[in-house]
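Here is a friendly briefing to read with the model open beside you.

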Amino acid sequence: MGQGLSKKKCDFMIPENNKNHHTEEISTERLIVRRGQPFTITVSFSAPIHNYLQQMKRTFLIVQTGSHRYKADEIQTEFPISSLGDQKQWSAAVEEQDPNFWTLCVNTPANAPIGQYTLLLRASKSSHFLGNFTLLFNPWCRDDEVFLANEAQRQEYILNQDGIIYQGTENTVLAQPWDFSQFEEDMVDICFILLALGEHFQREKDPAQRKNPVHICRAVAAMLNCNEFRCLTECEPGQHSNGIPPSTWLGSSPILRQWIASKFQPVCYGQCWVFAAVLCSVLRCLGIPTRVVTGYTWAHNTKSSLSVDEYYDEDGTLLTQDNTAHVWTFHVWNECWMARTDLLPEYSGWQALDATCQEKSKGPSFCGPAPVHAIKEGDTQVDYDVCYFFAAINAKCQVWIHKADDTLKPAFGGTKYTGNNISTKSVGSERCEDITHNYKYPEGSLQEKKVLDKAYRNMKELDTTTSSTTTQFISIPTALEEPVNLFIHLQSNSSLQLGQDITLSIEVFNHSGGKKATHLVVGIQALHYNGVPIAQLWKEEFHFNLQSNSVNNLQVSVPYTWFGKELGENHLLRLTAVLRDEDSFYMYLAQEDISICDSPLTIEFPENMVQYEPSTAKISLQNPLMEPLEQCVIAVTGQGLIYRQRNYKLGSVQAKSTQELQIPFTPTRAGPRRLTACLTCLQLQNLKSYRTTNIAAA
């Protein structure tokens, strides 16, 4: 290796370096570091080095990386070893030396491309391999574009592997557990493979682009659901006979492992919350602070129109075209934290990123990253796809009644407002945080009107300067002039316990000065999360006369047995009441979405559990129904508690009875650890329960 220098070995000091770089949960056997932060290595020599200063001047380090593991030398940087080093660029400084070894402090730039690196030592004309290391984004480094100042947020949005994804309805936000498992064995390698394929699909050939978190987000999002190599296949809700139902996935790791094992065949199946959860896992693993966000009453595929329509028949049954709906009960996407150096400074911070395909002028594609601040302010001209997010949470939905003679009549009282109760998991707790104020001003406020006007002007101006294929806002919706004669109010339990009957209260007000003859139809239908109806479960008609300035109050009870067997995997029901004025034939509609919210599973842990000591958890399945639960299977998972996912077959659980399951496990990691259980059976699916416990260090 040059006169007087002969390398014996190189110690990457992996335990110390990985701990300092917050990567010890990823690996204790390979060097994984974050950019903009130094790491230390020790090079030992076969023969003593006595002319230290002279030899140091002739010795260099070389780093090589590329967009693919077989092209690791696409980017190569050589830098000298000095006594000081430079923290702003690739550099190396001698921290300690004697004739037999040098301890070097290696600095990486805060804007270095992330990836798999090779480290070489060059002395004179010979280069010798020291080892490989992985470089990630660094939210702890002030000069990194993904820097996040708050330590509690870094712990949550980078290091936390136990997630919560919100489903249900805007009135009953339901927490569903998810195991992000971003630091599980081999996950970092899978993430870089997925990134490389995403770059190939996006036709990004410059590996230097990997310094840019916007580029990384777009390349990874493209891989979730929008190309031939995609990681997941989307299915129509309820249509998953040849794969795994989206609601039964408990974490990201089994999905990504299956994708790798099948040599990049799309995994069946995913829906919006699965795409968002896997995307969160990958981006957290790569070092970009990421969280999962749910919005309720989401206008999907609006093509950026601020006005969407829903259609019902005269009995209150929701009608859809081509099995699609414009208004989803809920939708799930991601937010990523970064500085937007490509945009104005005020657009830095949280960026909305949606891996669920939207219909665009150039075909289906993901959306984002779009600055959340730009969405709130109506700056719809800003990259990327601000207009799609803005329309999805600001469109107003007009309801129409499709009559038997094929005519359409407006349903007064049925206007819906989208983008409600936008929710994410709170930092450091399992509480739900409402972040709607980050996305929009209060409904009906002066600020909201100004933003809507600005967004419309922006899109109209864009439309006049671009081709006719450009997506545009067709109009700012105006409220229909509603007659004030009648008013209908529908109320029910916003959430139901499993096996509970539905109690409906319908009030019909007559504000006119005369008597009114009316026809009322009350109905219940099961609903998929994307607004597509499953089946009409029950309806009942009423005819009554309303006296002038009076109110009629109806109380209706619907037994669970009438609707329980038709629940979809998201356990959503839509209640409707359609009122017809027999004199004027005006139609009035009231509706409410409700969800079944409880799980029949409970989890119990023993007290005082210690790392590496065998223990047992107890899972109880209580059947609250008047019939047996048949072919019951409980899936159990828990990072640091059990190895991967276990499935337990219980057979049948009799009506109104309880069955217990003992889960032996040996905790391998200390600290807060979560156990998740999911029940599937012939009658029910997607019933999950979870519990977090603290494991004492050994």
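**Salt bridges and their surroundings**

Asp144 is buried, with a relative accessible area of 4%; buried means under 20% relative accessible area, exposed over 50%, and partly exposed in between (1.4 Å probe, protein chains only). Its salt-bridge partner is Arg35, with the closest N and O atoms 2.7 Å apart, and Arg35 is buried too, at 0%. This is a predicted model, in which local features need pLDDT of at least 70 and side-chain atom pairs count only at pLDDT 80 or more, while totals for chains, interfaces and linings use all residues. Residues are numbered from 1 along each chain as its sequence is written, and side-chain values use heavy atoms, with hydrogens and water left out.

**More on the charged pairs**

- The structure holds 26 salt bridges, each being a side-chain nitrogen of Lys or Arg within 4 Å of a carboxyl oxygen of Asp or Glu.
- Asp144 sits in the loop between strand 9 (126–136) and helix 3 (151–159), and Arg35 in the loop between strand 2 (31–34) and strand 3 (39–45), so this pair ties together parts that are 109 residues apart in sequence.
- Helices (H or I, at least four residues) and strands (E, at least two) are DSSP runs, numbered from the N terminus.
- Arg580 and Glu314 also meet through their side chains in a salt bridge, at 3.9 Å from N to O.
- Because Arg580 lies in strand 31 and Glu314 in the loop between strand 15 (307–313) and strand 16, the pair ties together parts that are 266 residues apart in sequence.
- Arg580 counts as buried at 17% relative accessibility, whereas Glu314 counts as partly exposed at 22%.
- Within helix 11 (residues 446–465), Lys449 and Asp453 are four residues apart, about one turn of the helix, and they form a salt bridge with the closest N and O atoms 3.1 Å apart.
- An α-helix has 3.6 residues a turn, so residues three or four places apart point the same way.
- Asp453 is partly exposed, with a relative accessible area of 26%.
- Salt bridges that share partners join Glu310, Lys416, Arg574 and Asp593 into one network.

**Asp581 in strand 31**

- Asp581 lies in strand 31 (residues 572–581) and counts as buried, at 0% relative accessibility.
- Its side chain makes a polar contact of 3.1 Å with that of Ser584; a polar contact is a pair of N or O atoms within 3.5 Å, where within protein one must be able to donate a hydrogen and the other to accept it, and residues adjacent in sequence count only if both atoms are side-chain atoms.
- Leaving aside neighbours within four places in sequence, Asp581 is in contact with Leu486, Lys516, Ala517, Tyr586 and Tyr588, where contact means heavy atoms within 4.5 Å.

- Helix 5 (residues 213–225) is mostly covered, with 13 of its 13 residues buried.
- At the start of helix 5, a side-chain oxygen of Asn212 comes to within 2.9 Å of the backbone nitrogen of Val214.
- In helix 6 (residues 253–261), the buried residues include Ser253, Ile255, Leu256, Arg257 and Trp259.
- Among the elements covering the buried residues of helix 6 are strand 11 (173–179), helix 4 (187–201), helix 5 and helix 7 (272–286).
- Lys263, which follows helix 6, has a positive phi near 60°.

- Strand 38 (residues 671–680) and strand 39 (residues 687–695) pair in the antiparallel sense over nine bridges; two strands pair if DSSP finds at least two bridges between them.
- Cys678 stands opposite Lys688 in strand 39.
- Six residues lie between the strands of this hairpin, and Asn686 takes a positive phi near 60°.

**Tyr612 in its loop**

- Tyr612 lies in the loop between strand 33 (601–604) and strand 34 (615–622) and is exposed, with a relative accessible area of 52%.
- Not counting residues up to four places away in sequence, Tyr612 touches Thr666, Pro667, Thr668 and Ala698.
- Tyr612 and Ala670 are 58 residues apart in sequence and 9.0 Å apart in space, C-alpha to C-alpha.
- The side chains of Tyr612 and Gln611 are joined by a polar contact of 3.2 Å.
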